[in-house]
Amino acid sequence: MTYQPSNQVIRIKFCGLTNSADVLAAADSGADAVGFVFVSQSRRYLTTEQAVELVNLAKKHDLLTVALFANQSAEEVCEVVARIEPEVLQFHGDESVIFCEQFDRPYWKAIPMLSTNDWLAYAKQYASADAWLLDSFGGSQIGGSGTKFVWFEIPSIYRNKVILAGGIDASNVCQAIAETGVTFIDTSSGIESSPGVKSKEKMQAMVTQIRSVSREPE
Ligand SMILES: O=C(O)c1ccccc1NCC(=O)[C@H](O)[C@H](O)COP(=O)(O)O
């Protein structure tokens, strides 16, 4: 199936990077942002020590750096912020608005699409978020599950605030953009060769697909 090109620039975040080769491959592919997971239950978990070098490398290559948490304590978040200075914090748990706002950084709030009936009501509680990340989590796996939810058209007034995640890969990303109208895509499992290890080819394929339906970034 071919999809109509939109005149939008579509941005892409590759999430759950765990090594420097993957950071370099993300930069080479043309990604805009990379995510690092500080959730100890995750197969993509990084200690702050491990993350320092990767975040510096990402910044050197002009990638926006995002640190992911799910119900960590404020002390743990503060430690990551102080040591690696991520540009954005992404919260995947039950963190309150007040909790998310306390770190003096832009934050993105993940919205659990498989466990909420009213994503917009959930999202609107986080009006101070820079973005709402619609993700398919809802069971024991908090994020990075590789499963998609049922896509729908995002009302145009919210599109610049929404990031689409959950089971997106090169084979379905154009459909995801066409069905939702989003301009920011987040993926993790869909660019992996094995759990926690990214594939250069899959990253490249994802960006090629996105460019085929979007305007070139300036
Ligand atoms: O990636 C993880 O293991 C993870 C663990 C705990 C909280 C969030 C996590 N990842 C969130 C992400 O940003 C993923 O990119 C997003 O859930 C999409 O994942 P996928 O369905 O694998 O593309």
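Which exposed residues does the face of H2 turned away from its buried side carry? They are Glu-49 and Lys-60. Here a residue is buried if 20 or more other C-beta atoms lie within 10 Å of its own, exposed if 12 or fewer, and partly exposed in between, with C-beta atoms placed from the backbone.

Before we go on, a word on the model: it is predicted, so local features need pLDDT of at least 70 and side-chain atom pairs count only at pLDDT 80 or more, while totals for chains, interfaces and linings use all residues. Residues are numbered from 1 along each chain as its sequence is written.

**Two helices**

Helices (H or I, at least four residues) and strands (E, at least two) are DSSP runs, numbered from the N terminus.

| Helix | Length | First to last C-alpha | Expected span |
|---|---|---|---|
| H2 (48-60) | 13 residues | 18 Å | 18 Å |
| H7 (200-212) | 13 residues | 18 Å | 18 Å |

In H2, the buried residues are Ala-51, Leu-54, Val-55 and Ala-58. Seen down the axis of H2, they fall within an arc of 105°, so they line one face of the helix; the arc is that of the directions from the helix axis to the C-beta atoms. These buried residues pack against H1, S2, strand S3 (64-69) and helix H3 (74-84), where contact means C-beta atoms, placed from the backbone, within 7 Å. Just after H2, Asp-62 takes a positive phi of about 60°.

In H7, Lys-202, Met-203, Met-206, Val-207, Gln-209 and Ile-210 are buried. Down the axis of H7, its buried residues fall within an arc of 160°, so they too line one face of their helix. Their packing partners are strand S1 (11-15), helix H1 (20-29), helix H6 (173-180), S8 and strand S10 (197-198).

**An enclosed strand**

In S2, 5 of the 5 residues are buried, so this strand is largely enclosed by the rest of the structure. Ala-33, Gly-35 and Val-37 lie on one side, with Val-34 and Phe-36 on the other. S1 and S2 run parallel, joined by 3 bridges; strands pair if DSSP finds at least two bridges between them. Lys-13 stands opposite Ala-33 in S2.

**Around the ligand**

The ligand is surrounded by 25 residues, and the closest are Cys-15, Ser-42, Gly-143, Gly-144 and Ser-189; near means that the C-beta atom, placed from the backbone, lies within 6 Å. Strands S2 (33-37) and S8 (184-187) each supply at least two residues of this shell.

Methods
Expected span 1.5 Å × (residues − 1). Contact = placed C-beta atoms within 7 Å.
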